[in-house]
Amino acid sequence: MSKGVFITLEGPDGCGKSTQSRMLRDALAAAGYDVVRTFEPGGTGIGHRIREIILDTKSSGMCGITEFLLYAADRAQDVHEVIMPALAAGRIVIGDRFFDSSIAYQGYGLGMDVEAVRAVNAIATRGLIPDLTVLLDIDPAMGVARATGGRDADRIERRRLEFHASVRNAYLQMAAGEPGRFRVVGVGDRSIDQVHAAIRREVFEFLANRASCARGQSQLGAREV
């Protein structure tokens, strides 16, 4: 693989992204792919410090713009330190969240100017767009209950259910607008293994199609010469 592949997992709180991104990384590695996993916020040393500020319930007075810019800063460091170097080395990068999260959470959830959110993220990510995004869809009430089961809710999880419903609707709207990039996997009452199997099918099919297209282009180029 001469060029890396960037695959992201997105979805509302409690959809199981962290578990599923780790399982996907392990499945790809077992299949012989060179793969690295990262996550937001906190995928780097600097990002970890930003994560503590963002999610701490003591940061309850944080305004939406501050929250958004902190996420963008975390994302910029992750792109610089982890994602871009891995892609340049031809690796598959599995991202647990990326800029779609800011569009859903701060853009639609907090009512920020969505185009402004996109513009700032274009700077933070250097224009990088995932090759494939798997959206894990879950009912907001179920997701929050799953996310906070057995522990105290963080600052984002404590928001009203209407906020989480707006986030979910935003994700579904983005998926409908970019069907070539998004694959939607319903979580619902599925087990972790069932969700993993659905994600695995989508990702391995995508990689197989990508490899087939690359071979076809290579053969076409050879004939033209």
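Predicted model: local features only at pLDDT ≥ 70, side-chain atom pairs only at ≥ 80, totals over all residues.
1. β2 runs parallel to strand β3 (residues 92-96), and five bridges join the two. For a handy landmark, find F39, which stands opposite D96 in β3.

2. Next, the helix lying on the sheet.

3. Two packed helices are described by the angle between their axes and the distance between the axes. For helix α6 (residues 140-148) and α7, the axes come within 9 Å and cross at roughly 110°. Angles of 65 to 115 degrees count as roughly perpendicular, and α6 and α7 are therefore described that way. Their crossing is right-handed. On the α6 side, the contact is made by P140, A141 and V144, while α7 brings L161, H164, A165 and R168. Sorted by class, the contact of α6 with α7 has five nonpolar residues, one polar and one charged.

4. Helix α4 (residues 99-109) packs on helix α5 (residues 114-124) at an angle of about 150°, and the axes are 9 Å apart. Since angles over 145 degrees count as roughly antiparallel, α4 and α5 are therefore roughly antiparallel to each other. The crossing of α4 and α5 is right-handed. To find the contact, select F99, S102, I103, G107 and Y108 in α4, which meet V114, V117, R118 and N121 in α5. By class, that contact of α4 with α5 comes to five nonpolar, three polar and one charged residues.

5. Now for the chain as a whole. How many helices and strands does the chain have? Its secondary structure comes to eight helices and five strands. Reading from the N terminus, the elements run β-α-β-α-α-β-α-α-β-α-α-β-α. The radius of gyration is 18 Å, close to the 17 Å that the globule rule gives for 225 residues, so the chain is as compact as a globular protein of that length. Taken along the principal axes, the C-alpha atoms fill a box of roughly 65 × 40 × 30 Å.

6. Finally, two backbone details in loops. Most residues other than glycine have a negative phi, and most peptide bonds are trans. The peptide bond from E40 to P41, however, is cis, with omega near -15°. P41 is found in the loop between β2 and α2 (45-55). The other detail is at R97, a residue other than glycine whose phi is positive, near 85°. R97 is found in the loop between β3 and α4.

Technical notes: Residues numbered from 1 in each chain as written. Heavy atoms only, no water. Pairing = 2+ DSSP bridges. Helix = DSSP H or I, 4+ residues; strand = E, 2+ residues; numbered from the N terminus. Axes fitted to C-alpha atoms, helices over the stretch in contact; angles between N-to-C directions. Parallel < 35°, antiparallel > 145°, perpendicular 65-115°, else oblique. Left-handed = near helix turned anticlockwise from the far one by under 90°. Contact = heavy atoms within 4.5 Å. Nonpolar A, V, L, I, M, F, W, Y, C, P; charged D, E, K, R; others polar. Rg over C-alpha atoms; globule rule 2.2 N^0.38 Å.
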